[in-house]
Number of protein chains: 2
Amino acid sequence: MSGAGPGMASSDGKKTFRIGMLGFGTVGAGVAQIVLHSQPSLKDKTGIDIRLHKIAVRDRKKRRAVSIDPGLFTADGEEVVNDPEVDIVVEVIGGIEPARGLLLKALANGKAVVTANKALLACHGRELFEAALAHETSIGFEASVCGGIPVIGALRDGLVANRIETIHGILNGTTNYILTRMVEDKAPYAQCLYEAQSKGYAEADPSTDVKGLDAAHKLTLLSNLAFHSVFDISEVHAEGIDRIALEDVRYAADLGYAVKLLAIAKRRNPGADPEDFPGGLELRVHPTLIPFSHPLANVRDVFNAALIRGDATGEVMLYGRGAGMMPTGSAIVADIMDAARGSARQTFTKLQFFQNPREDLPVIPPEKMRSRYYVRFNVDDRPGVMGKVATVLGSHGVSIASVIQKEPHETGHVPIVMLSHVTIEERFQAARAEIEELPFVRKPSAFYRVED
Amino acid sequence: MSGAGPGMASSDGKKTFRIGMLGFGTVGAGVAQIVLHSQPSLKDKTGIDIRLHKIAVRDRKKRRAVSIDPGLFTADGEEVVNDPEVDIVVEVIGGIEPARGLLLKALANGKAVVTANKALLACHGRELFEAALAHETSIGFEASVCGGIPVIGALRDGLVANRIETIHGILNGTTNYILTRMVEDKAPYAQCLYEAQSKGYAEADPSTDVKGLDAAHKLTLLSNLAFHSVFDISEVHAEGIDRIALEDVRYAADLGYAVKLLAIAKRRNPGADPEDFPGGLELRVHPTLIPFSHPLANVRDVFNAALIRGDATGEVMLYGRGAGMMPTGSAIVADIMDAARGSARQTFTKLQFFQNPREDLPVIPPEKMRSRYYVRFNVDDRPGVMGKVATVLGSHGVSIASVIQKEPHETGHVPIVMLSHVTIEERFQAARAEIEELPFVRKPSAFYRVED
């Protein structure tokens, strides 16, 4: 009853699927290379034949990395999404427009869509997924998170029987490369960024990566699947890595912690504390201290990983290269096959739009998030200082797990480094602000959240 | 065109699926618990309703961990596989018969099959997959490898656009626990096995695990999907961990290597050497030295992991708990949903049975496998010994990468530990046998293969 018919083609017996592409940059060329090269083996494996049919590019005359029949190129994206022979539209233009408008037309025409455009789906996901649902077609976006690592498939299918409790992800290769260099070479941020740029791992304007926005886009998409709703980028609290001081990377290492840019989604039950938020979902991206023994601490350089905790499976981790022409191309082709086999499902049921499941799982505002904290204050070297700092923390209900007083700086002040127990963000920040105003404290202090 | 219709149910509009279970042990109870507990959320997520319909057990009166309507139990497996109302048959009896016979009947009745029975599929896979193909239905076996880690789904769907080059897996939790204890506690095998048994990680008769057979079963199934053919357990070369000496675990650690039971599938191109095998597939399970920096070296205790190299994605690793009631139950329910959504595909196309793709990828016989080796000889402490050992190795074309001569044992002999460059198994074994016969060498020597 569940087979796809003889030869394992799609459910309606169709066996040849025509691909229309929007854009043909690095990832597009990767897709074309895989389709052209692997067509026979894909047909052997699945019974389905996929063909490049039409490709919209800005410049039809430009030389391409892959040799393509020039007759396939058009300068007009509308031609691709309106072509009745095109079954599946692959979008690799990036950015919001014209990608959004073209994909809405493709969906309205009943075409399956495959995209690597995390920014588009994180900002306009609800509109696009609703269109897919209304027109009974699908949007594949495996390539938009962690490149060739099948993490979307894992959340949608492999872990479907789980209630997802937490996601901890290293979802941005650029920042992971920079942090790996900072931790391992004890080199400052600016130098490691420069190295990443020289190697082509970081853009000339690296802000989308280093400010945590790219990781936040991806966390939005993972959370959609993990928590069965459609989240918006505005619901994710994002902080970047561009103000990380090497000094804190060193102190963290002394304490047994690595610094990683983690994207975190966490289901939280109501706390006992009446000032606490009554349960919901934390969505946040920020530099985070994790113990060296943590599975994510060993994810180095440009590699990505997602550590997902389900109520049945416990922790599952997926790891690999999160970007690049061929890994991302591989994920797009997997989504094409998924659509062709008729198994790409509308990612969300009507229930998820119309029965408001978010009632049970509101996004917790940043000031109500719960975490352990690392904090460093630079203080004058005189008696009684530690006691006063500890007193202020205590008065805000922040309790201290450990304290290290470091050797005095050349400038004469002494760094005090503390790890707190779990507390509420606003309490911690109120205590930190009050301590910064003490006469013997030199601003600014530094703080990081800690996950164990 | 690729959607599954409104409400995202199966392709033929069916929305309620009845499960017949064969067996109701630990894993079966896990499946029942997830189905009963998660039915509403599974319906929300997918539009599909799954129901327990009939359960065949040996003893209908036995008390069960999960509270089940007693009317569902039957003592007769035939009743389950012949019930026209049953859509999907879940087999959790284990062993070969009666599981094999019942599943063949279920497939002949057009029912989708979901099983965790790796031994059955590794020994009778061809017969069962052919039956699924003939009756246009499917066999889901995600639960048979690595419990709740969706590695089967990754190979079948997520990595479909890749030519898989290698699989390196820690596929057996029992042996990984024992080896973790040996490496970390420097405790001998027998003591660590006893500890594993005390904790319930190892059976009273641990031979299927410690001899490498369980890992070999799982490697067979992963290779089916990775290399698109149906392999038999007899094609896997398996060695266990039961003869690992603590001495070698220590020397390996001194050299920077951990000892793991790895399941390895490796595509090999023809070598330049005329005595070499003309390309094919290596399938092997054996204790293996891997550098401490290798991603699999950090997979500790009962955890499993599979490191898969594809031509497009590069290395992808999946990691998690490889066994247990709830992780395995979670994988079975994922396969049930997959079958219900109509997306469980016949795993193999007719091509794979009738066009003999194995011509291109013969399994390489054990004596022709290629590897680096760790070898330890115990020799008398006198001059010229090292030179003679090295001369014999050289005469067989085995070249040495590094040598360590250890302190003399209490018994007076001296261990010489060598790491070779890559060579062919039969050459290494011929050299080792010849060296063991030298008058100053005390038998037996010890050897391990090395992966970098």
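## A friendly walk through a predicted two-chain model

In this predicted model, A:I336 touches A:I19, A:I50, A:I88, A:V90 and A:V114, leaving aside residues up to four places away in sequence.

User: Which residues touch the most other members of the largest nonpolar core?

Analyst: Good place to start! In soluble globular proteins, nonpolar side chains tend to be buried together. Here the largest nonpolar core holds 287 residues. Those touching the most other members are A:V90, A:L222, A:I336, B:V90, B:L222 and B:I336.

User: In what order do the 6 strands of the open sheet in chain A stand?

Analyst: The pairing in this open sheet is parallel. β3 (73-74) and β6 (139-140) of chain A stand at the edges with a single partner strand each, so one side of each has no neighbour in the sheet. Reading across, the order is β3-β2-β1-β4-β5-β6.

User: Which residue of β2(A) is the bridge partner of A:M21?

Analyst: Strand β1 (residues 16-22) of chain A pairs with strand β2 (residues 49-56) of chain A in the parallel sense, over 7 bridges. Across from A:M21, the bridge partner in β2(A) is A:I55.

User: Why is strand β12 (residues 314-321) of chain B described as largely enclosed?

Analyst: A residue counts as buried if 20 or more other C-beta atoms lie within 10 Å of its own. Strand β12 of chain B is largely enclosed by the rest of the structure because the buried share of its residues is 6 of the 8.

User: What is the bridge partner of A:M317 in β12(B)?

Analyst: Here a strand of chain A meets a strand of chain B: β12 (residues 314-321) of chain A and β12(B) pair in the antiparallel sense over 5 bridges. Within β12(B), the partner of A:M317 is B:Y319.

User: How many residues lie between β11(B) and β12(B) in their hairpin?

Analyst: Strand β11 (residues 303-310) of chain B pairs with β12(B) in the antiparallel sense over 8 bridges. One bridge links B:L307 to B:M317 in β12(B). The two strands form a hairpin, and the number of residues between them is 3.

User: How many residues of strand β13 (residues 370-379) of chain B are buried?

Analyst: Let's look at some of its partners. β13(B) pairs in the antiparallel sense with strand β15 (residues 414-420) of chain B over 6 bridges, and with strand β16 (residues 423-424) of chain B over 2 bridges. The strand is largely enclosed by the rest of the structure, since its buried residues number 8 of the 10.

User: Which residue of β17(B) does B:R376 stand opposite?

Analyst: β13(B) and strand β17 (residues 441-450) of chain B run antiparallel and are joined by 7 bridges. In β17(B), the residue opposite B:R376 is B:A446.

User: What distance separates the C-alpha centres of domain 1 and domain 3 of chain A?

Analyst: The domain assignment of chain A gives domain 1 (6-144), domain 2 (171-320) and domain 3 (369-450). Between the C-alpha centres of domain 1 and domain 3 of chain A, the distance is 53 Å.

Notes
Residues are numbered from 1 along each chain as its sequence is written. Chains are lettered from A and ligands numbered from 1 in the order in which they are written. This is a predicted model: local features need pLDDT of at least 70, side-chain atom pairs count only at pLDDT 80 or more; totals for chains, interfaces and linings use all residues. A residue is buried if 20 or more other C-beta atoms lie within 10 Å of its own, exposed if 12 or fewer, and partly exposed in between; C-beta atoms are placed from the backbone. Helices (H or I, at least four residues) and strands (E, at least two) are DSSP runs, numbered from the N terminus. Two strands pair if DSSP finds at least two bridges between them. Domain bounds come from an automatic or database domain assignment. A nonpolar core is a set of buried Ala, Val, Leu, Ile, Met, Phe, Trp, Tyr and Cys residues joined through C-beta atoms within 7 Å. Two residues are in contact if their C-beta atoms, placed from the backbone, lie within 7 Å.
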